[in-house]
Amino acid sequence: IGKWFRGKEMSVAFGVNLCCARLGSVVNDVVSGIIAAQTSVPAALTAGGIFVAFGLNCALVLAFVDWKYQSELEEVEENGEAHHEDGERTKKSSFDLQFGKLFWLLVILGVFAYCSVMPFMNIFQGFMISKWLSGQSHNSAEKIAGLMLGVTYTVSAITAPFLGVLIDRAGRRVNLMVAGSVLVLISHLMLITIYPLLPLIILGFGFSFFVASWMPSTSYVVAPHKLGLAYGVISSCTNLGMTFIPIVVGLLMSPSSDYTLIHTLFLALSGLSIMLTLLVLKENRQNGNVLNLPSLQAEEMSKLLLSSENGKLRKQSFKGKEQRGLFDIDEEDEETSLLHDCQEPDEEISPSDD
């Protein structure tokens, strides 16, 4: 997605991707329980295997299409007839982990944010049954808990594409990360005392706010030829986090099914996520506010920030462009001037009188 939609409808593409993924989670939570209750657990596993096989076929087709496109692009570039859409020649990827500070903050933030939501969803059915459905039969309680579990994913799936459109046009990615993290914290606080329906709705909005703004952000702080490695690092770190947290949850689970310590853990993770979003907000401001710009303007600013492979701004280059009049920025309204400059990149701007 980061390669095919770079500089275009990046956030919309990620939003649609998130929508499909969350809808798949809803179908899994609801249908697998019904199949297991009506037939057997092996039958539910067989149905899951069929869906996995279908997904594998889709991945193989996608890999072939992407390989064909890349091969044609490299062939054209070898003949000296074309360049990448961003005006740079293709660079061979390498295992180089020298990313900028902003990228690593996004990685750590993603670990804590995902770990404050996904592991909790894995234990939610047990929590729901033990606290709110203990008086009902086991099969009935499982069905209700499965339907309740789908609330968060359904809200996330519905809102993600619309958030993608909003982000592409208005930007404000970091602001949405902050808002999403705060909503997740509020939902965990509410889950301690009230029936889970409203908290799960809030959790769905919070998770959607965060993921829809966080996932595309990497594309603006990492060079195009290192995007695959960058997203691989993100996936590895988040999966490691979501491997470790369930172990901690198991250690904290008491014989009496008291979820107090578990709630404390998820509240701590949510609080750390908020702190990390504030650090990302600060670092983003030091990097041209790139993550809070609309997609087209963010792409232009990203080219400046990625002028060196470690993702840091080459101050001498930026200063030289400013002296030549390519950036006529007033100190009182720097962001507005930058937006205007990114919107009209081809217009010649005369040097300022200063």
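This is a predicted model: local features need pLDDT of at least 70, side-chain atom pairs count only at pLDDT 80 or more; totals for chains, interfaces and linings use all residues.
Let's start with the rings. The structure holds 15 aromatic pairs. One of them joins Phe99 and Phe103, whose ring centres are 4.4 Å apart, with 40° between the planes, so the pair counts as tilted rather than stacked, a label kept for planes under 30 degrees apart. Phe99 and Phe103 are both buried.

How are Phe210 and Trp214 placed in helix α7? They are four residues apart in that helix, which spans residues 197-217, so about one helical turn separates them. Are they buried or exposed? Phe210 counts as buried because its relative accessibility is 3%, which is under the 20% limit. Trp214 is buried as well, at 4% relative accessible area.

Rings can also gather in a group. Here, Phe120, Phe124, Phe127, Tyr259 and Phe266 form one aromatic cluster.

Last stop: Leu276, which you will find in helix α9, residues 260-285. Leu276 has a relative accessible area of 11%, so this residue is buried. Which residues does Leu276 touch, leaving aside neighbours within four places in sequence? The contacts are Ile108, Leu109 and Phe112. Take Leu109: this residue is 167 residues from Leu276 along the chain, yet their C-alpha atoms are separated by 5.7 Å.

Note on methods. Residues are numbered from 1 along each chain as its sequence is written. Side-chain values use heavy atoms; hydrogens and water are left out. Rings of Phe, Tyr and Trp (its six-membered ring) pair if their centres lie within 6.5 Å; planes under 30 degrees apart count as stacked, over 60 as edge-to-face and the rest as tilted. Buried means under 20% relative accessible area, exposed over 50%, partly exposed in between (1.4 Å probe, protein chains only). Helices (H or I, at least four residues) and strands (E, at least two) are DSSP runs, numbered from the N terminus. Contact means heavy atoms within 4.5 Å.
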